[in-house]
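Hi everyone, thanks for making time.

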Amino acid sequence: MDDRIGRIGRARGFVLLAVSASFAILVAWPLVRLAIEAVDGGLAPFLAALAPEGLEAIGNSLWTAAAVTLLALLGGLLLAFLTEHRVVPGRPLLLLAILLPLLVPDFVSALGWTRAFGPAGLLDRLAGLELPGLYGPIGIVLVLGSGAIPLAYLLIVAGMRARAEPDLERAARMSGADGLTALRTVSLPLLWPVIAAAGGLVFATTMNTFGTPAILGRPAGFATMTTRIYGDLAFSSSEAAFQRVLGLALLLVAVVVVIVALTDRLGPRNAVRGAISGPRGQTRAVGRLPLALAWGFVAVTVLVPLAALLLTALTRAVGLPPLPEHLTLANFGRAIDSRTLPALVNSLMLAGAAAFVCVVLGAAAAIAPGRRWRRRWSGFVALGFAIPGSVLAIGVLLAFGRPLRDTLLIILVAYVAKLWALAERPIAGALDRIPAIASYAARVHGADGLAALRTVLLPILAPTLAAAGLLVFIFALHEVTISILLYGPRSATLAVAIINLQQLGDPTVTTALAVLLTLLVVLCAIPLIALRRSWSTGLIG
Amino acid sequence: MTDSAQAARQRVAMTVLTIGALLAACGGSSPATSVSQPGSAGSGTLNLYTSATQDTVDAVVAAYAEVAPDVSVEVFRAPTGELDARIAAEVREGQIGGDVLWGTDPLSVQGYASQDLLEAWTPPEAASVPDEYQTDTFWGTRLLNMVIVHQAAMDDPPADWTDLTDPAYADGVAIPDPGFAGSAFGVLGYFATMDEYGMDYYRSLADNGTTQVQAVAEVLTGVAEGQFVAGMTLDKSARDAIAQGSPVEIAWPASGAISIYSPVGVFADAQNPDIAKHFANFLLTQEGQAAIASTGWQPIRDDVDGPEIGGEQVTPDWPELFDRQEELLEEYRTIFGG
């Protein structure tokens with residue numbers, strides 16, 4: 001019966017066919033090619049993954065990713081309730097600060113944390129303080145967790161805006177529920193589909209992230225699945241090592257998909273759906289303490305590490321204290337060369353195209369199958385997201401290397417395979433919260449399926465679609481593990497140019513590039529955020 | 001100021017190169033030129049797969065343009081792991097996109113040689129490369145020297161490899177992870193196969209609280225920032241950092257820096273084998289070597305000026321290491337984890 005929302009007759013069948021074909025070409029075929037190569041080595045690659053060290057790495061990956069997911073969801077929820085349910089002074093600034101870590105590539109934020117809180121870091125120089133356990137699992141969880149909060153926050157807020165609950169919450173309060181009870185019985189259950197979608201994405205992102213565990217884990221001898229995969233990748237001129245890479249990566253995909261599927265089933269069996277409410281009334285001012293806490297949190301996890309990075313970028317040579325006589329802008333000059341501009345153009349084109357295609361495919365995969373099949377499709381699409389970028393790139397090379405080698409298109413194919421889920425999950429999460437009544441109403445008033453989609457569903461979904469596109473755009477803009485394997489003479493991306501310029505690791509230049517990249521992403525993101533706000537206020541606010 | 005110094009260096013290097021090229025052009029029949037270049041380069045496109053640093057690749061490509069103006073060199077440059085993964089995928093897909101492979105360390109390049117992916121031939125300039133730095137399919141182009149780097153403000157800095165296990169530097173030493181960097185693996189191979197060190201050397205390092213970081217450059221950064229007092233890093237990056245004013249110094253180990261050679265070879269199914277061989281051989285000529293040296297690396301030929309070398313150099317018995325990566329790394333990981 002619910003299916004009526006998505007049922008748009010023949011058009012729907014056609015869309016389903018297109019989604020299935022895209023999935024088969026973009027995600028399934030590269031994965032199958034990888035599996036063929038891995039199986040070619042017999043069972044050895046898989047057995048290697050299950051040796052004691054392999055199991056330890058799997059365990060490490062699992063528990064750090066679980067901890068990161070919890071941290072990110074908790075932080076994201078708290079911040080979302082704060083900014084969405086209360087009148088917050090200086091709201092735009094706080095929003096930007098909350099979202100800032102999303103705009104910073106994750107290896108850069110790990111670098112920022114070590115510069116800020118590590119031994120001989122900014123805090124150590126200023127106050128003799130350093131964060132114990134930064135190198136090791138604690139540091140990994142803190143850096144990845146605080147970095148994932150904006151991802152969770154963005155998805156939760158987009159979900160909240162797709163259907164406002166203050167009405168229901170107020171009803172609960174008027175009926176005598178205290179704040180906590182209203183939260184437990186009304187707000188959280190309503191949000192569950194979005195929370196599950198956000199949690200699944202954070203978990204999958206964390207499971208296949210490499211930069212932070214490599215920077216913070218190696219010194220403590222703490223291995224995760226991705227650092228082990230990369231370790232073998234470094235020796236992939238040996239056939240055994242290459243096959244081990246593929247075996248481990250496929251195992252990683254399996255683990256992520258199973259866990260995400262399981263968590264999707266947790267929580268309320270049927271997400272609570274209610275009526276669309278009227279404009280949200282943000283009348284209660286935020287308390288001074290929560291606001292101070294929010295800003296304190298943002299300062300510690302975002303602003304201080306970024307400031308430490310900026311200081312490093314401005315310092316003449318690594319290791320010099322950031323005194324006026326040692327400061328220079330020269331690193332920024334060295335960071336920009338004749339390759340940077342074409343690479344920037346490539347990156348912007350790729351990120352824009354990936355955002356467009358992913359949102360279209362994401363919406364199609366979320367809407368077309370109907371409510372009953374939506375979750376299954378979520379699982380399929382998540383396959384591409386679950387695989388580490390470097391291994392996905394190998395799969396895409398195996399699948400399409402001959403016709404598409406060195407083109408921008410092959411990079412786009414890999415981006416879409418990887419980031420499809422990033423667009424699909426928030427849209428599916430928001431759809432799960434939209435009451436079927438909305439489109440029944442349209443149908444009753446004579447709208448056909450397509451008209452209902454256009455006039456009811458799309459306007460409600462607009463903020464979520466914009467958020468999904470923004471996410472894909474940002475992730476694509478600082479993606480490096482895929483493009484470094486796939487680029488050709490004319491298709492280098494900005495992140496590739498950065499990696500290549502700094503390979504001997506002069507951190508002053510690296511951080512200068514990172515700062516430039518961050519600035520660029522911020523510049524690109526501001527109009528998008530503004531656009532998103534005007535859409536959401538115009539259409540449902 | 002640093003920048004202008006660097007620019008000046010580059011200008012000098014370019015002038016030297018230009019003069020060299022002019023001389024070569026004028027004396028077209030001089031023996032050095034005709035021997036150094038087999039046939040003519042002809043014209044066409046060359047695909048170079050490399051993990052050499054970007055500035056070095058740029059310098060070499062610019063110098064090559066003087067010798068072979070009708071060849072356009074397309075570069076795919078990536079860190080060793082990514083480069084190797086791309087080649088491994090292309091091998092399985094059916095066609096390697098590169099003509100020339102210019103790697104950072106002999107071990108990963110040997111992996112391709114043992115799969116018969118590299119052409120066996122003899123570059124005219126091979127005789128100028130020391131025997132220990134060449135095989136039938138690849139030849140050394142430059143040396144990466146693993147040395148000791150320490151804080152400049154140290155009273156009693158370590159002077160040799162064994163000093164790093166001294167309790168005086170407990171908890172203050174950093175080493176790069178041989179599971180990530182080919183150069184660090186070469187060092188592991190050297191210590192593991194030398195009787196006076198052996199794996200016990202790494203055990204003593206671990207017992208002394210030594211920290212393993214991922215990349216060679218992270219050691220340098222950590223020492224410069226005061227996180228570590230000393231560690232193992234590559235001479236070129238340490239020299240660059242010192243030139244910019246980083247508070248570190250190089251201690252050239254008394255028993256010798258460990259030299260790793262960066263090899264060049266030609267893919268067996270290169271689309272342009274003649275141009276590929278011409279380019280690979282060019283890296284071994286004086287002109288090619290000068291271009292490499294202009295970016296701070298030690299050239300493989302001793303008749304080309306390079307950076308100042310601070311003492312003895314030793315190198316592992318490479319063929320001995322070629323098939324022992326797994327075994328050595330496994331033993332290493334029981335000591336340092338990961």
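Predicted model: local features only at pLDDT ≥ 70, side-chain atom pairs only at ≥ 80, totals over all residues.

Residues are numbered from 1 along each chain as its sequence is written, and chains are lettered from A and ligands numbered from 1 in the order in which they are written.

So, let's stay with that helix for a moment. When I say helix I mean a DSSP run of H or I with at least four residues, a strand is a run of E with at least two, and both are numbered from the N terminus. In α9(B), D235(B), K236(B), S237(B), A238(B), A241(B) and Q244(B) are buried. Buried means 20 or more other C-beta atoms within 10 Å of the residue's own, exposed means 12 or fewer, partly exposed is in between, and the C-beta atoms are placed from the backbone.

What does α9(B) pack with? Helix α8 (residues 216–224) of chain B and helix α9 (residues 235–244) of chain B pack at an angle of about 35 degrees, and their axes are 10 Å apart. Those axes are lines fitted to C-alpha atoms, for helices over the stretch in contact, with angles running from 0 to 180 degrees between N-to-C directions. On the α8(B) side you'll find A217(B), L220(B) and A224(B) making the contact, and on the α9(B) side S237(B), A238(B) and A241(B). Contact here means C-beta atoms, placed from the backbone, within 7 Å. That set divides into 5 nonpolar, 1 polar and no charged residues. For the classes, Ala, Val, Leu, Ile, Met, Phe, Trp, Tyr, Cys and Pro are nonpolar, Asp, Glu, Lys and Arg are charged, and the others, Gly among them, are polar.

Zooming out to the chains. Chain A has 23 helices and 0 strands, while chain B has 13 helices and 11 strands. Of the 541 residues of chain A, 56% count as buried; for the 338 residues of chain B it's 54%.

How do the two chains meet? 43 residues of chain A are in contact with 53 residues of chain B. On the chain A side, α17(A) gives the largest share, 6 residues. By class, that side has 24 nonpolar, 14 polar and 5 charged residues.

Now the domains in chain B: the assignment, which is automatic or from a database, gives domain 1 (2–143 + 261–299) and domain 2 (144–258 + 313–336). Their contact takes 14 residues from domain 1 of chain B and 16 residues from domain 2 of chain B. Helix α5 (residues 106–113) of chain B provides the largest share of the domain 1 side, 4 residues. That side divides into 4 nonpolar, 8 polar and 2 charged.

Next, the largest nonpolar core. By nonpolar core I mean a set of buried Ala, Val, Leu, Ile, Met, Phe, Trp, Tyr and Cys residues joined through C-beta atoms within 7 Å. Of its 284 residues, I156(A), A354(A), C358(A), V416(A) and V472(A) touch the most other members. Helix α20 (residues 449–477) of chain A gives the most to this core, 18 residues. Both domains of chain B give residues to this core too, so it lies between them. If you click on V472(A), its contacts include A354(A), C358(A) and L419(A), not counting residues up to four places away in sequence.

Last stop, some loops. Most residues other than glycine have a negative phi. D406(A), though, has a positive phi near 65 degrees, and D406(A) sits in the loop between α17 and α18 (408–433) of chain A. D406(A) counts as partly exposed because it has 18 C-beta neighbours inside 10 Å. Over in chain B, D171(B) has a positive phi near 60 degrees, in the loop between β4 (138–151) and β5 (173–176).

Is D171(B) buried or exposed? D171(B) has 11 C-beta neighbours inside 10 Å, so it counts as exposed. By contrast, T328(A), in the loop between α13 (288–314) and α14 (330–335) of chain A, counts as buried because it has 20 such neighbours. T328(A) touches L314(A) and R316(A), again leaving out residues up to four places away in sequence.

Conventions:
Contact = placed C-beta atoms within 7 Å.
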